[in-house]
Amino acid sequence: MSAIAFPIPDAGILARRDLIIEGLARLLPPECLVTSEDERRAFETDAFTAYRRMPMAVCLPRNTAEVSAVLSFCHDHGVPVIPRGAGTSLCGGAIPQEDAVVIGVSKMNRILEIDYPNRLARVEPGVTNLAITNAVTADGFFYAPDPSSQLACTIGGNIGMNSGGAHCLKYGVTTNNILGVTLVLMDGTVVEIGGEAMDAPGYDLLGLVCGSEGQLGIMTEATVRILRAAEGARPVLFGFETSKQAGEAVAAIIGAGIVPVAMEFMDKPAIDICEAFAHAGYPMDVDALLIIEVEGSDAEMDAMLGRIVEIAKMHGVKTVKESKSAIETAAIWKGRKSAFGATGRIADYICMDGTIPTGQLPFVLKRIDEIVKGYGLRVANVFHAGDGNLHPLILYNCNDPVEAQKAEDAGNDILKLCVEVGGCLTGEHGVGIEKRDLMTHQFNEVDLHQQMKIRAAFDPGWLMNPAKVFPLEGRLPVEDGALNGKAA
Amino acid sequence: MTLTGMHQPTDETAAAELVRQAKAEGIPIRVAGGGTRGGVGRPAQAGVTVSTAKLRGITLYEPSEMVIGAWAGTPLAEIEATLDAKGQMLAFEPADFRLLYGTNGSPTIGAVAAGNIAGPRRIWAGGCRDSLIGVRFVNGSGELVKSGGRVMKNVTGLDLVKLQAGAWGTLGLLTEVIFKVVPKPDTVATLVLAGLDDPRAIRAMADAITSPFEITGAAHLPDGVGGEGARTYLRIEGFPDSIAYRTDALGKLLAQYGALSRLGDAVGASVWSAIRDAAPLAEPRDQVIWRLSVKPSEAPAAIAAITACRAARAFYDWGGGLIWLATAADGDAGASMIRKAAKAARGYATLLRAPDTLRAVVPVFEPEAPAVAALTKRIKASVDPAGLFNPGLMHAGV
């Protein structure tokens, strides 16, 4: 596999490993410090498994004070740190480096407060996305962003990556659903950002922190918005003969002033894979499937679906299948949300995450097919059609280095295509290491330098998750004068 | 030639050139749009004004993608008319401050973004910053920087878009802004409960907002503020059948608070624009206007604490989360006491309207905790190292 570069481990830091671990051991109880090779191995990669690096040590602090103490120590000793939620990042956002300490938030996993009248919950960063919703479901509430990994992924990771999900067409992504965070900076300073009001004063630091990929600080508490769930929700399956028809139907639905809560697209390979796994009752005789979900009372859902069906018919829909029960609804969403996992059963895959203007859907789908075929590979497409966030899954055999290289090249070509048609490299997974070296396709030097200068306002020494997001070449000098990002 | 007076660049290259010249000459810049919100912030010391008035025009509009982009000086009215023609609108209902400040001119879309200006729909649709998805701006080195773009899901790199929303032009000159937009609702209904005291009104609004009926506006005007008798307004939007169903359901849900009646459409629309623009407090003009953002359930206690100390008139938007308050301009205009009450209500206060002399001595924006203030200064320096843009408008030295 063509290597994504990591910085050369700092020999000086490696040589001081024992001293560093001794220092950390003074700050944390033994059960919060992982040093043995066997146990550290669990932290050497994330869901971007093609790359791995063994960290020096793993800290699992239990509260803000411990996070602050560990960060302050690492800051004073010039040790890079890698923040980690559940390690479900698809872009390598949580992959360590040999001279770094991983700081995991898994022991900070309590829900601290649920406040229905003010529609908020205060939670620790290691709480899983789904645990927040589960804690308020019985009272009719939910936490809106719903990444496919929501059973495992943490709210800390969600904020770090500004995670999305299938329902953000109506409810927005993480940044639209967070009110405040407690953030610990690299030097150990604790900063309260936002809070329980709908607006925060001053610069929108919360907006900056969301999606900063663990480069600005470690979040130790979050205040999230919770919303009252609709009276009911119903997904409906629309099967089309061609992807083009499905894409046009999506544009027509939005053009008609209808914004369903979700509009998910699957092509034929994805339908086959997901149906075999979830037995969701997806139609097998079509080339493209839309899962469109509407919400409201029964009468409201009927009315909205009536209009959607009418539009779908104008675009040649072949099959319309409504969920008739909660069990069917669950199966429909299980199929969609396990698309990545189900694909993993039949082949290795890399998952792309570019976003495109939805008007470009038919053209981009055709080009993706051509690109992947050009490399002699197969692709399955599952994505959020309403907002143009694509997830082409490029299938390959990871034990074949030549094929692996082809898959990576095809992925890069697809992401460049997304940028060329007016979109972006990543809609919800993040840049991490995976797309780091493609950043120059979306941003020019001035754009990247401005981002790096703002990053340095939080972490002047570039110690936080330093190998991510920004290409290693062309980085700005760090504060101590040494050039950051010498590639290995 | 020394830069002075007012400059109106006609494209972003010229805007960047102006900034480079100002930087070379060490001349601070006052950034202006339509000039309707010039009363916001601390009186800024600037040698030259750069107006976006001639940087105008829609750069992108794709109704089926629900996205619009425009040069920063484009009048808001032009944006709204363009969207309206295709049955769409900005989701966050931007406020118009002309009545509050007694200004003329035409509000610009760039200033809406820079001020993060949202109206009553904030509780349902998010703030301006939630709809803003792309910006281009000139930084303090005279470089053109872009962040975000035209697609609504984008996590590529640091989100400088959000950072610009609410920075009031202190982090550069916005040249282009891109928003996601939403379909205009088929029908809008304004429902009203009469005669509730503040605490009960806040509870009624919370009950409504935490129902499944998608409340897009929730405001309470106490007796004597903008009319006789206390009025608690709720707004729902949707297809006619859905409105009928939800009105009925809300009436049952809120029965303990009295009868829920529906206003005529035109009256309802004027109620929401008045609330949006803080119209009930615009007069008398010699009073200052505070804007408090608080935890909704704590809002009545905040008002009670304030009015126990000094005469003030106030009303609530955002289900209590936003308080508009008018009081006399004497002394510090209540600053220390109002800020204490806002803090106790888990929020903060902004002195939105006051004479220049007062805004020069009373912090207009909420003073920041030391750690946040340090970050603010470092961020400002990373974008605008020479401190050219609207110096001191938000905080002294920023």
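Which residue in strand 14 of chain A is the bridge partner of A:Met263? The structure is a predicted model, in which local features need pLDDT of at least 70, side-chain atom pairs count only at pLDDT 80 or more, and totals for chains, interfaces and linings use all residues. Residues are numbered from 1 along each chain as its sequence is written, chains are lettered from A in the order in which they are written, and side-chain values use heavy atoms, without hydrogens and water.

The partner of A:Met263 is A:Ile292. A:Ile292 is also the bridge partner of A:Val236. Pairing requires at least two DSSP bridges between the strands.

Eight of the eight residues of strand 14 of chain A are buried, so this strand is largely enclosed by the rest of the structure. Buried means under 20% relative accessible area, with a 1.4 Å probe and protein chains only. In a regular strand, side chains alternate between the two faces of the sheet. Here A:Ala288, A:Leu290, A:Ile292 and A:Val294 point one way, and A:Leu289, A:Ile291, A:Glu293 and A:Glu295 the other.

A:Asn118 counts as buried because its relative accessibility is 6%. Its side chain makes polar contacts with the side chains of A:Asp115 at 2.8 Å and B:Ser297 at 2.7 Å. A polar contact is a pair of N or O atoms within 3.5 Å; within protein, one must be able to donate a hydrogen and the other to accept it, and residues adjacent in sequence count only if both atoms are side-chain atoms.

Technical notes: Buried means under 20% relative accessible area, exposed over 50%, partly exposed in between (1.4 Å probe, protein chains only). Helices (H or I, at least four residues) and strands (E, at least two) are DSSP runs, numbered from the N terminus.
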